[in-house]
Amino acid sequence: MPSIQAPRGAPDILPPRSGTYERVVRRCEDLFRAYGYRRIETPAFEHTEVFERGLEAGSDIVVKEMYTFADRKGRSLTLRPEGTAPIVRAVIDHGLDRGSLPIKLYYTASMFRYERPQAGRQRAFLQVGVEALGSPGPEIDAEVVELGAAALRAMGLSAVNLHLNSIGHPVCRGRYLPELVGFLEERRSELCGDCRRKVTTNPLRTFDCKVERDREVMRHAPRITDYLCAECRGHFDDLQGLLGDLGVAFTLDPRLVRGLDYYTRTTFSFVAAGLGAQNELGGGGRYDGLSEQLGGGPLPGIGFALGVDRIALALEGQGEPSPGGLDVFVVTDGQAACSGALLLASKLRADGLSVDLDYTGRGLKGQFRAADRAGARRVVVVGDPEASTLTVRNMATGEEAEVPAQELGAHLRGGG
Ligand code: HAM
């Protein structure tokens, strides 16, 4: 029978790469908690309406990219393409907005989009993100943007640029859009087919086009920031001032509208140098109207999501070794020592060390090779059960030491 492979665009993440994912997620989650965010889990699928109403029925994700299916009772469900609309749905559903505000939540979750797979773009991918609901900002905007920048910095990523924009609220956009459409109509013959369609369906999305000729045209397009009302302008100016105070460097990018239709005012994006077309490591923005679109009361919100797959690619591109390895590999010198090795491994694990040993009956040499492959920092040799000392080899230096049995845990924990 032919073997079965994973669906296209839905890769298995295997060791050692999975170790990089794990480290990225852990560092982000630690930081999110340090900023006062608490975890939320929402289901991997939702009623399709959550996305049709939240992301707007005409948006690219809803029209082209959703994994939508009917369940056995004929209800339309959709695998989540993003995490923000489901979280707002859950907040309304459980009345969290009637409690103390802001509500600060974080998540680590797989997202599903029917996109054309390429390096850094998959159909199933992992995001970590935060959402802060209940405060109109700009202080919370500054915190959220700074948290995103801090998370990427904590990963040791160099050459990440923060792009920042404000796209105003619907009234500002109502004044701006006719100007943009007028410009696009004038330059229509220079636009790709997709953008020509967007002139009527969703003109802001023409800023997302990757075709170089279109991008050149869009460099001359009217800027949303020139159409902001006094309140939105003030919000944006205050945010920039706060980011300056926090020492967060950013580039103003009036073309940054981002690919989701719920955004209002602040939008931002973290872009890596040298990652090819899919160079956005993460991004987010404010979504002050989303709660009402989903049937809730007024509830302003802001958040971001980081793409774990793209961050892992960027780290690998920097030559970062995949983390992994073990504190200790226990090697047995002779059959009689096997149960002693098992017992020792169990004790050391209970002591908080990561420990493994060979279960395939290899000889001493083979066990040392296995220790090397496992990335073990130390090897402990278990031989004569009566012996009062054990041999510990430092795998990096090759040095060996005889360590009294009762001092072994302390010796290994101390990095000896
Ligand atoms: P997004 O820009 O659609 O925003 O996705 C955020 C990040 O997820 C992207 O910057 C990218 O790193 C990663 N990503 C997106 N699509 C793919 C893909 N097909 N393959 C691999 N990685 C991908 C959101 O999802 C919003 N929910 C963010 C947000 C939170 N806004 C407010 N709060």
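**Strand pairing, helix packing and cysteines in a predicted model**

The bridge partner of R286 in strand β11 is I302. This pairing comes from a predicted model. It belongs to the contact between β10 (residues 280-286) and β11, which pair in the antiparallel sense over 5 bridges. A further pair in this contact is G285 with G303 of β11.

R286 of β10 also has T264 standing opposite. T264 lies in strand β9 (residues 264-272), and β9 pairs with β10 over 6 bridges, again in the antiparallel sense. Of the 7 residues of β10, 6 are buried, so the strand is largely enclosed by the rest of the structure.

Strand β11 spans residues 301-307. Here 7 of the 7 residues are buried, so β11 too is largely enclosed by the rest of the structure. Its residues point in two directions. G301, G303, A305 and G307 point one way, whereas I302, F304 and L306 point the other way. Both groups are buried. Strand β11 is also joined to β6 (residues 124-133). The two strands run antiparallel and share 7 bridges. Within β11, G307 stands opposite Q127.

A separate description applies to an open sheet of 5 strands. Its order is β13-β12-β14-β15-β16, and the pairing is mixed. The edges are held by β13 (355-357) and β16 (400-404). Each of these has a single partner strand, so one side of each is left without a neighbour in the sheet. On average, neighbouring strands are turned by 30° against each other, direction ignored. Strand β15 (residues 389-394) runs antiparallel to β16, and 5 bridges join them. One of the paired residues is T389, with P404 of β16 as its bridge partner.

Helix α12 (residues 338-350) lies across β12 (326-332), β13 and β14 (376-382). It runs at about 165° to β13. Helix α13 (residues 364-373) packs on the sheet and touches β12, β14 and β15. The direction of α13 makes about 170° with that of β12.

Helix packing is also found between α1 (residues 17-34) and α5 (residues 139-154). Their axes are 9 Å apart, and the packing angle is about 140°. The crossing of α1 and α5 is right-handed. From α1, the contact is made by R27, C28, L31 and F32. From α5, it is made by L147, A150, A151 and A154. By class, the contact has 7 nonpolar residues, 1 charged residue and no polar ones.

The cysteines were examined for bonding. A search of the whole structure finds 0 disulfides. The sulfur of C192 has its closest cysteine sulfur in C195, 3.7 Å away. A disulfide requires sulfur atoms within 2.5 Å, and the C192 to C195 separation is therefore too far for a bond. C195 is likewise in no disulfide, and its nearest cysteine sulfur, that of C209, is 3.7 Å away. C192 has 19% relative accessibility and so counts as buried. C195, at 1% relative accessibility, counts as buried as well.

Technical notes:
Residues numbered from 1 in each chain as written. Predicted model: local features only at pLDDT ≥ 70, side-chain atom pairs only at ≥ 80, totals over all residues. Heavy atoms only, no water. Axes fitted to C-alpha atoms, helices over the stretch in contact; angles between N-to-C directions. Helix = DSSP H or I, 4+ residues; strand = E, 2+ residues; numbered from the N terminus. Left-handed = near helix turned anticlockwise from the far one by under 90°. Contact = heavy atoms within 4.5 Å. Nonpolar A, V, L, I, M, F, W, Y, C, P; charged D, E, K, R; others polar. Pairing = 2+ DSSP bridges. Buried < 20%, exposed > 50% of the residue type's maximum accessible area, 1.4 Å probe, protein only.
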